[in-house]
Structure formats: C-alpha cells, structure tokens
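Look at the sequence and the structure below. The report that follows covers a sheet, the helices around it, some helix pairs and a salt bridge.

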Amino acid sequence: MTGSLFDDLDPTGSGASGPHEEAPPGRARRPRGRSPLAVRMRPRSLDEIVGQQHLLRPGSPLRVLAGEDRGPAGPSSIILWGPPGTGKTTLAHVIARGVSRKFVELSAITAGVKDVRRVMDEALTDRDLHGRTTVLFLDEIHRFTKAQQDALLPGVENQWVVLVAATTENPSFSVISPLLSRSLLLTLQPLQRADIAGLLERAVADPRGLDGKVELSAEAREHLLDLCGGDARKALTSLEAAAGVAFSELDREPGPEPDREPADGGAAVPVITREHAEEALDRAAVRYDKNGDQHYDVVSAFIKSIRGSDVDAAMHYLARMLEAGEDPRFIARRLIISASEDIGTADPTALQTAVAAAEAVQLIGMPEGRIPLAQAVAHLATAPKSNAAYTALNEAVADVRAGRAGPVPLHLRDAHYPGAGQLGHGRDYVYSHDEPNGVAAQQYPPDELVGTDYYRPVDRGRERQIAQQLEVLRGIVRGR
C-alpha cells in the first residue's frame, strides 16, 4: 500500500492535516505523512491517562511534578519502573507540559557524560537567571554506566534539574544507590484488559487517531487484547497495522456500483476483522528479559511450581522461558539443582532424568531440546518431594562454621604412610565388610558430634523405606 492512513496532527490537537491523495469513488481518502498512532494518541494531561491510578491520587508526586497540585514541598526527582507500554514516556511528556518548565529528553542509548554535564550547566543557568525549572527525562536509565549515573548526582542533589528516569529493569540492580536515595521510585503496573480496550475504542474514534475512518470488529478487538500482553503501545501499533491491512484490501476490491454506494453519499468505511488483526499481530508479547527481573522472577516461579508439585504451572513457565529465548542449558541446570534440592532420595531417579535432559539438550539442540526438558519437568513436578539431604548438608555446614569440627578419631585416620601406626592411626578400626551385616559398630564423627542426626528422611516416596533402614543402621553403628 502506498501512502499512509492518517495525518500527523498539530501540537494543539486541532486536527490540521497535510496533503491528501485522491481516492477512487466510494473509497475513504487517506492523508499522507503521519506520526505513529501510539504517539498521536499520547495523553495530554494526567486525567487522560488510563491505569496507574495508584500513582495519580490528589497530591501525589506525579501531580505535583506536573504542576496540577501545589504543596509546601517542591517537585521530586522520580524513577519510573515498569514493563514496556505502561505509560512511562507518556507520563514524562505530560509532566513536560507544566508551567515554567523546560523539558529536556535524553536517551541512555545515545547520550554520554558530556551530554549530561551540558544539560546540568544549562539547567543551573535557567534556574538562577530565568527562574525556570528543567525537567530531564532520561529513558532507559539502566543502560547508563555507573560513571554516567554519577554525573547526574550534583544536578539532582542541588535540584538544578528534576530527573524523570524510566526503566524496565529493577532499579535496585541497575541504578546506583546514591541516585536511588535522591529520587522517588514509582512502580507502574501492567495495564488491565479494560484499560487497553478503552484505548483501542478511543483511537478508532478520536480525530487524533483513526478519526472514525475504520471500524473495529469485536473479534478483532479481542484478538488484539489477547496478544498485546498489557502493552498499550503494542496494542495501538497493531491496531494501526490492522487498519492498514483493511485499507489495502479495500483498495484491491472493485469500486461499488452506483446503486451500491452509501446512502449518504460518503466513502465506504472498511471494517477491521479478526483476519486483519491476525495478520498484524499473530504472536503474543512475551515480557521477559534474560538479564533482568523477568529472568529471575519467572525462573523462581518455575522452580517453586515444581517444588509445589503443580506440573501445569511448571509447564507454563517452561514455555514462557523457551518462547522468550532463554538459554535451554540454563533451564536444564536449574532442573538438576531442583532434582537434588527438592526431591532428593524421595525419588533418586529424578536426578538421573534431569541430568539426561541436560545432556539431551546439549546433544540435539533446539527446538527439539524442549521435548526432553518437558519430560524432565513432568517427572520432577509429579515426583515425591524431600529436601532432607539438602537440609542435612546445611545443618552440617552450620556446625562446621560454628567450630564444631573436632579431631578425626584415631581409628579413622590414614594409616598408609610410614610411621602412621606409631601414631595410633587406624588402630582398632573395624572393616565393615568383615561384619555379618556389612555394618560395623564404631564411632565415625568427632567426639562432640556423636549422636547428632543431620539426615532426617521424610515419610514420602523412597525415603519412607530409607527411614526404616536408617533406624536400623544407626542402631548398629552406635551400638544401641
């Protein structure tokens, strides 16, 4: 399709448009030259913002920063943390409309320390000479190095600028502590389905958007809502692409007969169908960053689902990681750990399955490697659970660190080197295989740990039988 669907509007939202292409009879005219629909539909005030109502109450830092509410305290620097498409950039642009504000936008992808220092110098001049506050919007702040973030500190500390920083990654890991302590951390939540549905309907009808030149069918709207993943920008971008598909099909169809033109003499209005929406968006957005919060949160939920014996939830998180491009070897390593930590000897074959799955992934690669991973997840999630071996080691380590590590008993010490016998090493040691049951009654731990039980089998799976065996073994070894 040549040309574009809709005009870019003037900053006041009056709807001024550029030159139009001539449309064939019975067709909607589509103007040339436009900015993306998500940009055109960006709210102009805090009241137009959907969602994030927990951050927009009267007197909130955002309303003070936007100049809508005034109080004894001045505006604070803020860090906006949330998933993509939840309104971080939108909030920054609304704040920029405040009275007596100078708005400067930098991207951490392209800006350097020199750019930051230049903004700070200009902000200091504007504050002292013109009484004007500079709002510095820094997108993708997690991409700034420590040195670059350090360059922000004087300006934020002395309020030369009011910093509005946006990030999709946990600021606790990606933003330096001095900057965090000088800013308010505001967490944005994913938009609800009803919020995005309202945005789509508004974008279809609003003169800044599609201006009623298309209709959105209910099936297409539901498809966009299903796959946008709570991302408003993705929903609007997909709506615009679907509208483009609908117009393209309308252009390919023969013009209507004279007696089939709309009764009001207007142009035919294309309807965005589910097929159009599927062509624009055929795969759900997966929120996942392999080095950030989603990486740790999803794998944490994955392991906890296996531990909790919820095989269905575990399969969901496995699919989520694989679809997002997570390294399958990382998943396999986590399964091996889970097999020993959470299942242990309650089902000794779980570890064998996990190791075999890891080897299979290395051998056959992806995408087929997902199949043995799924088999291992099913085995581990449905297996009886025990952390008895893991707990036993933790308790033993705690005793060692606390100094409970006495001398090794003489009869257990190495007696193979010359002179060891004169030191008493190996004297009175009982060789277990010489005993009737293959178990010798003698002391094994240091004196201060005699009688200490670290390993306590649970009453599940294979450990139920081990518990009975262990009672007999301890009785023989300890001479009871």
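## The sheet

Two strands are said to pair if DSSP finds at least two bridges between them. In this predicted model, β2 and strand β3 (residues 133-139) are paired over seven bridges, in the parallel sense. Within this pairing, Val104 is opposite Leu136 in β3.

β2 and β3 belong to an open sheet of five strands with parallel pairing, in the order β2-β3-β4-β1-β5. At its edges are β2 (101-107) and β5 (184-187), each of which pairs on one side only. From one strand to the next, the twist averages 20°.

## Helices on the sheet

Helix α3 (residues 88-96) packs on the sheet, where it touches β1 (78-81), β2, β3 and β4 (161-167). The direction of α3 makes about 155° with that of β2.

Helix α4 (residues 113-130) lies across β2, β3 and β4. Relative to β2, α4 runs at about 175°.

## Helices α15 and α17

Two packed helices are described by the angle between their axes and the distance between the axes. For helix α15 (residues 328-343) and helix α17 (residues 370-382), the angle is about 20° and the axes are 11 Å apart. Angles under 35 degrees count as roughly parallel, and α15 and α17 are therefore roughly parallel to each other. Their crossing is left-handed.

On the α15 side, the contact involves Pro328, Ile331, Ala332, Leu335, Ser338, Ala339 and Ile343; on the α17 side, Leu373, Ala376, Val377 and Leu380. Sorted by class, the contact of α15 with α17 has 10 nonpolar residues, one polar residue and no charged residues.

## Helices α16 and α17

Helix α16 (residues 349-364) also packs with α17, at an angle of about 170° and with the axes 9 Å apart. Because of this angle, α16 is roughly antiparallel to α17.

From α16, the contact is made by Thr349, Ala350, Thr353, Ala357, Ala360, Val361 and Ile364. From α17, Pro372, Leu373, Ala376, His379 and Leu380 take part. By class, the contact of α16 with α17 has nine nonpolar, three polar and no charged residues.

## A salt bridge

Side chains of opposite charge can pair when their charged atoms come close. There are 24 salt bridges in the structure. One is formed by the side chains of Arg182 and Glu157, at 2.3 Å from N to O. This pair links distant parts of the chain, 25 residues apart. Arg182 is in the loop between α8 (177-181) and β5, whereas Glu157 is in helix α6 (residues 153-157).

Definitions and conventions. Residues are numbered from 1 along each chain as its sequence is written. This is a predicted model: local features need pLDDT of at least 70, side-chain atom pairs count only at pLDDT 80 or more; totals for chains, interfaces and linings use all residues. Side-chain values use heavy atoms; hydrogens and water are left out. Axes are lines fitted to C-alpha atoms, for helices over the stretch in contact, and angles run from 0 to 180 degrees between N-to-C directions. Helices (H or I, at least four residues) and strands (E, at least two) are DSSP runs, numbered from the N terminus. Angles under 35 degrees count as roughly parallel, over 145 as roughly antiparallel, 65 to 115 as roughly perpendicular and the rest as oblique. A crossing is left-handed if the near helix is turned anticlockwise from the far one by less than a right angle, and right-handed if clockwise. Contact means heavy atoms within 4.5 Å. Ala, Val, Leu, Ile, Met, Phe, Trp, Tyr, Cys and Pro count as nonpolar, Asp, Glu, Lys and Arg as charged, and the others, Gly among them, as polar. A salt bridge is a side-chain nitrogen of Lys or Arg within 4 Å of a carboxyl oxygen of Asp or Glu.
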